Amino acid sequence: MHQVPTGFPKDFLWGGAVAANQCEGAFDYQGKGTSVADINEFRADLPLEKRSNAEISTTYIEEALKNKTGVFPKRWGINFKETYPDDLKLLGDLGLNLFRTSIDWSRIFPNGDDLEPNEAGLLFYDKLIDEIIANGMEPMITLSHYEMPLNLTLNYKGWYSREVVDFFVRYCKVVFDRYQGKVKYWIVINQINLIGHESFNHLGIAEDKVDNLLEAKYQGVHHMMVASALATEYAHQVDENYEVGMMLCGGPEYAATCEPEDVLATLRINQMQYFFADVLIRGYYPGYAFRYFEEHDINLEFAEKDEEILKNTADYLSFSYYYTQICDAKHIEPYRNKALPANPWGWTIDPIGLRTLLNSFYDRYQCPIYITENGIGCYDQLEKNGSVHDDYRIDYYKAHIEQMKEAIKDGVDLRGYCAWGPIDIISCSSSEMSKRYGFIYVDQDDYGKGSQKRYLKDSYHWMKQVITSNGEKL
């Protein structure tokens, strides 16, 4: 009889995750081009829920580039491009054996449609990846994490333009060739299902360049999935040890009531989140998606070989998990579950939801799973003696790690876990520094001011104990 696991596997990967555009800085250094993330603006005058630029017009972009109003403060990051040796040493000492970051597409192909890569950009990632490995961590590299060259928005239509498939695959091939033997784990597209909240960052489609924005988004996603499949095919040709995954922004969404209409509405909303993984892991478009497209007047264009290309499926599923929402038949979009506690930005705290999602994903796909983002953004207080007391963060991680262990006992093939922002970085959703996730405090404010000195939080010492004990000492 099969024995139920008692805890985390011995080879479990304990990691941390960042994105290049949120940490590196040096946004115009050594030939780097402007990316879609570089023109996002921090608007302290807006309510918290409206600080993320989901949709952006070319008029906004041109004004931002002209007056330099939209490239602050994210372009400064935390100066990781210069401090990475010391930062990675701290993360290695924490006990991490996996470090997820992205290669900034605009640092390698500044305009996106360049014929040759920027060697200076590649040299930086040569050193960064070597340093990750030297500190005892496996690199997990994301190829597209909101860093599309802005030129592909202005002179094309972002991912809506079919040409971008070839541009992206060219970039992927350069990177796959370069890091053979050094990088094993790859994620092609970060949170590929985020076509609402982070729409522009994700797809690079300016809202005034297309007639039907919703249709353009799904056409862009189709091109992304084709590009992902082509990249996966090439990666497996280059190195049989490469493991190429796809990534979702996780849910799940709950039905607001037990009324059949609410349950069905919730099912249909969850299906259209599964959709992206259904295509990239199963290799074909599901029937419910075609019905959704028909009901929303979405007409997608498939190139002649697209269906065949999509059969080059991902090796694993990865996902981020921050909060859950609820749905009903009367509302088009999910909304906050006020029965749950939340952080200052309204993101609910639901550890059991993580176990639910892990089981749902594994039941559906029966493939290896990695949680590639999880954490809590909070306002932290740096004390005069350099300490940061963040018991709330410890409580958050303890509860979520407990549920991960339960999911493993349920039979889920969970192989790794990445805490989001193990060192404080600029927030993606609000471009703030004060929304902190890290175990390591960075002395920098929302406007780029501060010493940038690093301090260890209480959660750092706690997490080190967790990792050393492989999740047993919580």
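**Figure 1. Helix α9 and the lining of the second largest pocket in the predicted model.** Helix α9, which spans residues 213-238, gives the most to this lining, with three residues. The second largest pocket holds about 200 Å³ of space. Its lining comprises Tyr160, Ser161, Arg162 and Glu163, together with Glu215, Gln219 and His223, and also Asn299, Glu301, Phe302 and Ala303. By residue class, the lining divides into three nonpolar, four polar and four charged residues.

**Figure 2. Glutamate 373, listed by UniProt under "active site".** The annotation of Glu373 comes from an unreviewed UniProt entry. Glutamate 373 is placed in strand β10, residues 369-374. Its relative accessibility is 3%, and glutamate 373 therefore counts as buried, the limit for that class being under 20%. When residues up to four places away in sequence are not counted, glutamate 373 touches Arg100, His145, Asn190, Gln191 and Met247, as well as Phe319, Ser320, Tyr321 and Tyr322, and finally Cys418 and Trp420.

**Figure 3. Strand β10 and its pairing with β7 and β11.** Strand β10 is mostly covered, with six of its six residues buried. Strand β7 (residues 316-321) runs parallel to β10 and is joined to it by five bridges. Within this pairing, serine 318 stands opposite tyrosine 370 of β10. Strand β11 (residues 414-420) also runs parallel to β10, with three bridges between them. Here isoleucine 369 faces leucine 414 in β11 as its opposite residue. Among the contacts of glutamate 373 are Phe319, Ser320 and Tyr321, and also Cys418 and Trp420. In a regular strand, side chains alternate between the two faces of the sheet.

**Figure 4. Strand β4 and its pairing with β3 and β5.** Five of the five residues of strand β4 (residues 185-189) are buried, so this strand is largely enclosed by the rest of the structure. Strand β3 (residues 138-144) pairs with β4 in the parallel sense over four bridges. In this pairing, isoleucine 141 has tryptophan 186 of β4 as its bridge partner. Strand β5 (residues 243-249) likewise pairs with β4 in the parallel sense, over three bridges. Tryptophan 186 stands opposite valine 244 in β5.

**Figure 5. The open sheet formed by β6, β8 and β9.** Three strands make up this open sheet, in the order β6-β8-β9, and their pairing is mixed. Strands β6 (253-255) and β9 (335-336) are the edge strands, each of which pairs on one side only. The pairing of strand β8 (residues 325-327) with β9 is antiparallel and extends over two bridges. Isoleucine 326 has tyrosine 335 as its bridge partner in β9.

**Figure 6. Glutamine 403 in helix α14.** Helix α14 covers residues 391-409 and contains glutamine 403. The relative accessible area of glutamine 403 is 14%, so this residue is buried, given that the class requires a value under 20%. Apart from neighbours within four places in sequence, glutamine 403 is in contact with Pro351, Ile352 and Arg355.

Note on methods:
Residues numbered from 1 in each chain as written. Predicted model: local features only at pLDDT ≥ 70, side-chain atom pairs only at ≥ 80, totals over all residues. Heavy atoms only, no water. Buried < 20%, exposed > 50% of the residue type's maximum accessible area, 1.4 Å probe, protein only. Contact = heavy atoms within 4.5 Å. 1 Å grid on protein atoms, 1.4 Å probe; cavity = no way out; pocket = protein on both sides within 12 Å on 5 of 7 lines; lining within 4 Å. Points joined across faces, edges and corners; volume = space filled by probe spheres on them. Nonpolar A, V, L, I, M, F, W, Y, C, P; charged D, E, K, R; others polar. UniProt positions renumbered as here; feature names shortened; annotations may be inferred. Pairing = 2+ DSSP bridges.
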